[in-house]
Amino acid sequence: MKNKGFFDYLKQQAGEGIHYIYCAHCKVDADYIGDRLERHLPSCEYRITKQKLLEENYSF
Ligand SMILES: [Zn+2]
């Protein structure tokens with residue numbers, strides 16, 4: 001299975017000078033997420049969109 005990485009989600013910074021960045025959709029810590037799509041919340045808009053794209057790409 002190819003691992004392209006999922007870094008293109010919208011990120012938000014907690015505040016000026018604060019090194020805490022999180023997904024703008026599900027608010028999960030970006031350090032924790034890394035490039036792992038499954039670490040977004042199941043309800044995350046980004047995760048849902050990506051999973052839908054993947055399913056379409058892998059359907060025969
Ligand atoms: Zn997310």
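1. Basis. This is a predicted model: local features need pLDDT of at least 70, side-chain atom pairs count only at pLDDT 80 or more, and totals for chains, interfaces and linings use all residues. Residues are numbered from 1 along each chain as its sequence is written.

2. Overall fold. The protein has two helices and two strands. Helices (H or I, at least four residues) and strands (E, at least two) are DSSP runs, numbered from the N terminus. Their order along the sequence is β-β-α-α. The C-alpha trace spans about 45 × 20 × 15 Å along its principal axes.

3. Burial and contacts. Of the 60 residues, 10% are buried. A residue is buried if 20 or more other C-beta atoms lie within 10 Å of its own, exposed if 12 or fewer, and partly exposed in between; C-beta atoms are placed from the backbone. Among contacts between residues at least 6 apart in sequence, 15% join residues at least 24 apart. Contact means that the C-beta atoms of two residues, placed from the backbone, lie within 7 Å.

4. Phe-6. Phe-6 sits in the segment before strand 1 (11-13). Phe-6 counts as partly exposed because it has 18 C-beta neighbours inside 10 Å. Beyond its neighbours within four places in sequence, Phe-6 contacts Asp-35, Leu-37 and Lys-50. Glu-45 is 39 residues from Phe-6 in sequence, and their C-alpha atoms are 13 Å apart.

5. Lys-27. Lys-27 lies in the loop between strand 2 (21-23) and helix 1 (30-33). Lys-27 counts as exposed because it has 12 C-beta neighbours inside 10 Å. Its phi is positive, near 65 degrees. Most residues other than glycine have a negative phi.
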